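Me: I would like to learn how to read this structure feature by feature. Could we go through it together?

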Amino acid sequence: MSQAWRATTPYDLNGKAPRIVAAQSTGAETQDWVSRYADDVIAESERRAPGKPVVVASGLSPSGPIHLGNLREVMTPHLVADEIRRRGYTVRHLISWDDYDRYRKVPNGVPGTDASWAEHIGKPLTAVPAPAGSAYPNWAEHFKAAMVAALADLGVEFDGISQTAQYTAGVYREQILHAMRHRGDIDAILDQYRTKKDPAKQQKQQKPQDEAELEAAEGSGAASEDDGSGGTGGYYPYKPFCGQCGKDLTTVTSYDDDTTELSYTCTLDGFTETVLLSEFNRGKLVWKVDWPMRWAFEGVIFEPSGVDHSSPGSSFQVGGQIVDRVFGGKQPIGPMYAFVGISGMAKMSSSKGGVPTPGDALRIMEPQILRWLYARRRPNQSFKIAFDQEIQRLYDEWDKLGAKVADGTVLPADAAAYRRAVGTAAGDLPRTERPLAYRTLAAAADVTAGDEKQVQRILSELDPEHPVTDLATVRPRLDKAEAWISTYVPAESRTIVRTEPDAEALAGLDDASRASIALLLDGLDDHWSLDGLTHLVYGVPKVQAGFPADATAKELPPEIKAAQRSFFALLYHLLVGRDTGPRLPTLLLAVGADRVRALLAG
């Protein structure tokens, strides 16, 4: 095992099944975390199952919109699996759709739903009607579909497993009967933690207080942290769905190991039933037993878990003992992953509505950018995804990284993150042929309200020596920028160019302001390109102060920056009626030379 990582065992596993977490060493910051996990996973797989495919896993519950916090549950093992594939190994990335989980509550803000959906609480997610107008047969399939489409765009290769299909087909029958035979052992393991502080309450106290966090707990079966306790007839790790109402508000009242005869009562409608568990497929193991059972059944080597699983008595901790002592398997290695934030938005979970999903992010950013956000940060590091103005800075950072990769000046860890973002072992993701600056494209879309002819004109004038002659070459980045402008930029922040000169403002200009505008207008024709106009608008205040237009910051007094800000504010006011707006060179190109003259000269 690499020395940059260490194994910790937060509970007694008799020396087995360590969790792998990042070591806090000075060198760790420059290491590629994906490669290091790949090293450990390959070594662990060769110890446990030599010659067999390496199995990594994720779990997602389609209980509502599957958000960007949940995506970390998928991207962490995906990136590790992809690195292992690049090395020539066969890998299976399992995504368990926990669609046999109970429907717990009606999420807020889901179109096509209302309070009447509450009547389905307690049913399996696949037994709940889809939102009105959906093309899908049930609630689970409706929310799975959006995530599957996003994962395809992101280049994530996986094997999906429906837990509804597994349970109702009797795939886990032997595992269920085994768990029931060993219910006393399971109860004893769980009982070690029942006197501890409630994990859910403790988790709420432990959460970082950043308002932009997306909670991961609701993206997996961990949501309820059910251990099956609380029955009147002893402990049973299995919960039937009622044969009358279809809900899991049932209590097992008796079970015979020899005959597998099980009796239960529904606490909602009083329905009672006696069945043979060896033939019965309408129920499931409680979550804290279900998860470790699947680790053993599927031979999972690597699976990350959210911070909701790290508190005493949580599913991951308890599961480590259950898989070892009851199912004869081993707990996966894998990191605890931190929250994902959304800049400019309040703290959310998938039950609160308005939660950004991977599909939402992919409407405003290319897949490479979204992959990069998850690849460049270690799983235990939180980060934010920008839906506000920060997305422009993010794209600037991405483009600078691409330039460093191209000229060979990039740092190794940054190069690795870039490589993992632009493609997978199967090949590179589709990309924008001519990736113009996102902020430039956004400004063009903003000023023109998306008019393609005007966008084409602006982009063709950015670099006259290499004009954009076909908008297809700047797509899909142009489409993403247009979607961001139309969806996430508030109406009051949109740029509306004046239709007529501000005669009153022009009449009130002092001599210095008039002179600065004259210098700008005199230089328009000779500087009509993005670079030329950049040089011009920054150069006017320099020339007015008696310096060359190309003088560097080191050659200029501090007052020049203040003069430039004042000049920019003047131009914005005269052109768009505000003190700020898109970058001035782009705005000037968007407005057009003739209209700029009309608005500034009066």
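Reply: Happy to. Let us begin with burial: a residue is buried under 20% relative accessible area, exposed over 50%, and partly exposed in between, with a 1.4 Å probe and protein chains only. Helices (H or I, at least four residues) and strands (E, at least two) are DSSP runs, numbered from the N terminus. This is a predicted model, in which local features need pLDDT of at least 70, side-chain atom pairs count only at pLDDT 80 or more, and totals for chains, interfaces and linings use all residues. Residues are numbered from 1 along each chain as its sequence is written, and side-chain values use heavy atoms, with hydrogens and water left out.

Me: Which residues of helix 20 are buried?

Reply: They are Ile560, Gln564, Phe567, Phe568, Leu570, Leu571, Tyr572, Leu574, Leu575 and Val576. Across the protein, buried residues make up 53% of the 602 residues, and there are 22 helices and 17 strands.

Me: What covers the buried residues of helix 20?

Reply: Cover is read from contacts, meaning heavy atoms within 4.5 Å. For helix 20, the cover includes helix 17 (503-507), helix 18 (511-523), helix 19 (530-544), helix 21 (584-591) and helix 22 (593-601). Turn to helix 18 and you find Ser513, Ser516, Ile517, Leu520, Leu521 and Gly523 buried, with helix 19, helix 20, helix 21 and helix 22 among what covers them.

Me: How do I read the length of a helix?

Reply: Compare its end-to-end reach with the expected span, which is 1.5 Å times one less than its number of residues. Helix 20 (residues 559-576) has 18 residues and reaches 26 Å from first C-alpha to last, close to the expected 26 Å. Helix 18, with 13 residues, reaches 19 Å, close to the 18 Å expected. Just after helix 20, Gly577 takes a positive phi of about 75 degrees.

Me: What share of contacts comes from residues 24 or more positions apart?

Reply: Such pairs account for 72% of the contacts in the protein with a separation of 6 or more.

Me: How do strand 9 and strand 10 pair?

Reply: Two strands pair if DSSP finds at least two bridges between them. Strand 9 (residues 261-266) and strand 10 (residues 272-276) pair in the antiparallel sense over five bridges, with Glu261 bridged to Leu276 in strand 10. Five residues lie between the strands of this hairpin, where Gly270 takes a positive phi near 75 degrees.

Me: How many cavities of 30 Å³ or more are there?

Reply: On a 1 Å grid over the protein atoms alone, a cavity is a set of points where a 1.4 Å probe fits but cannot get out, and lining residues have an atom within 4 Å of a point. Points are joined across faces, edges and corners, and a volume is the space filled by probe spheres set on them. The count is three, and the largest cavity holds about 100 Å³. Its lining has 18 residues, with Ser58, Gly59, Trp287, Trp291 and Glu303 nearest the centre.

Technical notes: 1 Å grid on protein atoms, 1.4 Å probe; cavity = no way out; pocket = protein on both sides within 12 Å on 5 of 7 lines; lining within 4 Å.
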